[in-house]
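Hi,

Here is the structure I promised to pass on. Please have a look before you read my notes.

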Amino acid sequence: MTVPLYEALIKYVEDGTIPYHMPGHKEGKNISRKYIENIAKIDLTEVPGTDNLHDPHGPILEAERLAAKAFGAKSSFFLVNGTTCGIYAAMSSVLNDGDMVVVQRNSHKSVYNGLILTGAIPIYLEPLIDDEDDIAMGISIDELEKLLIKHKNVKAVVITYPNYYGFCVDINKVVYLVHKYDKVLIVDEAHGAHFAFSDRLPLSASSVGADIVIESVHKTLPAFTQSSILHVNTDRIDIDRLRFYLSLYQSTSPSYILMTSIDLARDFMEREGKALLDRCVDLSIQARDVINEIDGIKCIGDDVIGKYGIYDYDVTKLTINVSGIGMSGNVAESILREKFNIQMEMSDYRNILAIMTVADDESSFDKLIESIKGLLKYKRYEKLSYFDSNGRPEIPEMAMKPKDAVNREYDYVSIDEAVGMVSLDYVIPYPPGVPLLCPGELIKKDMVQYIKLLYNIGIKIIGIDNLKIRVCK
């Protein structure tokens, strides 16, 4: 029997790799054994008694109502195509072709794809950059208000809360400001599904009245990958239109395994999860304190509060800057996997990121701390480059809507030849994950110079292949 994917997954598990990455159940912990035993049996379809995700009147509707109560929302909708489909549906339910929308520039790619699907015109809000850690952090509330005053026809605002690293803007102020100007607020809260279950974590966007909030249940709670949920919290949303787009962007054969996974995760968090999340918070705080005592390594947290638009942070996300030991985050991630059998969630130029969830305990915590300390054995003495955000090119001029750009014929040209042309792709360096170019934007000489600078020192750049780029003919 040759089953390469299955064999690769089993090997990962049998190697005993300790996961500090999503999904939140960490290889099945906190998932009912009875559920696991019956998982093949309950892989059903829409038959009498099982209800229909696209027209729920029975157990799915009841499960969604229980979820709304647990997450503090007015109404909730199960998603089986991940948070991505929820973002598409949210944007489509609010925006029409040609509508203007304020978009946080360091949004997930699904938000930019949502612009392509809706034909909306983005007004970008630049994130504030933490140059020392090379992370795109929060947004300026004042800049957001200036955009809302300047662009009176804006229909909606789309923000990310928290960001990938767990850092949060003042969501109360954002909600107040967006509603003050009578706009709709869509919040990509993919990494904050656990906020509703602890008062020691940042506020959930639903709890302060954001219009639509989309969360990845699988990222931080014990649910299977692609299990997500969309919450509606105000009367500003046309529910019938939203339902239509949820049906449009989700499979006509929705997985009952995934829907049940959401339902079980909610039930678990209400019965046992809150206590375990409290333990997780304690361990995360302890980990942060211990890591910050290691010479040359720091775990970012309180030091960024009040800076870069950051108001709060999720302590269960451990963003660990290793540049002080002359090591890039990418190298540190490789060492942790190869030498200590620890797999981090991700790495960038300066940092590694570990996600702690209700599935973690003292044993996994001890191994994480031991491995981070073990990095000192591989300490390097090279100096990593710093990138001053003042030297980054400004957001490029939009020559055409993203929707129009992706439908154009294209050429592959060298980045030098691309000056004066219109990008057909996203160009996104990591770090900090903020698009330098989006489809439809004009490529200028200073942008080309900056892209080449990043490329030549080994920064990973999505959208650039051997210094070639797709441009509109």
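First, the ground rules. This is a predicted model, with residues numbered from 1 along each chain as its sequence is written. Local features need pLDDT of at least 70 and side-chain atom pairs count only at pLDDT 80 or more, while totals for chains, interfaces and linings use all residues, and side-chain values use heavy atoms, with hydrogens and water left out.

On to the spaces. Rolling a probe the size of a water molecule over the atoms shows where empty space is left. The search runs on a 1 Å grid over the protein atoms alone: a cavity is a set of points where a 1.4 Å probe fits but cannot get out, a pocket is an open set with protein on both sides within 12 Å along at least five of seven lines, and lining residues have an atom within 4 Å of a point. Points are joined across faces, edges and corners, and a volume is the space filled by probe spheres set on them. Helices (H or I, at least four residues) and strands (E, at least two) are DSSP runs, numbered from the N terminus. For residue classes, Ala, Val, Leu, Ile, Met, Phe, Trp, Tyr, Cys and Pro are nonpolar, Asp, Glu, Lys and Arg are charged, and the others, Gly among them, are polar.

The largest pocket

This one holds about 900 Å³ of space. Its lining has 40 residues, and His108, Tyr164, Met346, Tyr430 and Gly433 are the closest to the centre. By class the lining splits into 17 nonpolar, 17 polar and 6 charged residues. Helix H4 (82-94) is among the elements that supply at least two lining residues, as are helix H5 (109-118) and strand S19 (428-430). H4 has the largest share, with 4 residues.

The second largest pocket

Here the volume is about 380 Å³. Helix H1 (residues 4-14) gives the most to the lining, with 5 residues. The lining includes Tyr6, Leu9 and Pro23, and by class it has 7 nonpolar, 2 polar and 2 charged residues. Pro23 turns up again in the backbone: a cis peptide bond joins Met22 to Pro23, with omega about 5°. That proline lies in the loop between strand S1 (18-20) and helix H2 (33-37).

The cavity

Among the residues lining the cavity are Leu53, Phe77, Phe78 and Arg243. Strand S2 (75-79) and helix H9 (239-249) are the elements that give two or more residues to this lining, and H9 gives the most, with 3. The classes come to 5 nonpolar, 3 polar and 2 charged.

Other backbone points

A cis peptide bond also joins Tyr161 and Pro162, with omega about -5°. Pro162 is placed in the loop between strand S7 (154-160) and strand S8 (167-168).

Asp134, in the loop between strand S5 (129-130) and strand S6 (135-136), has a positive phi near 55°. Asn466 also has a positive phi, near 55°, and lies in the loop between S20 and strand S21 (468-472). Which of the two is buried and which is exposed? Asn466 is exposed (over 50%), at 60%.

Cheers

How values were computed. Buried means under 20% relative accessible area, exposed over 50%, partly exposed in between (1.4 Å probe, protein chains only).
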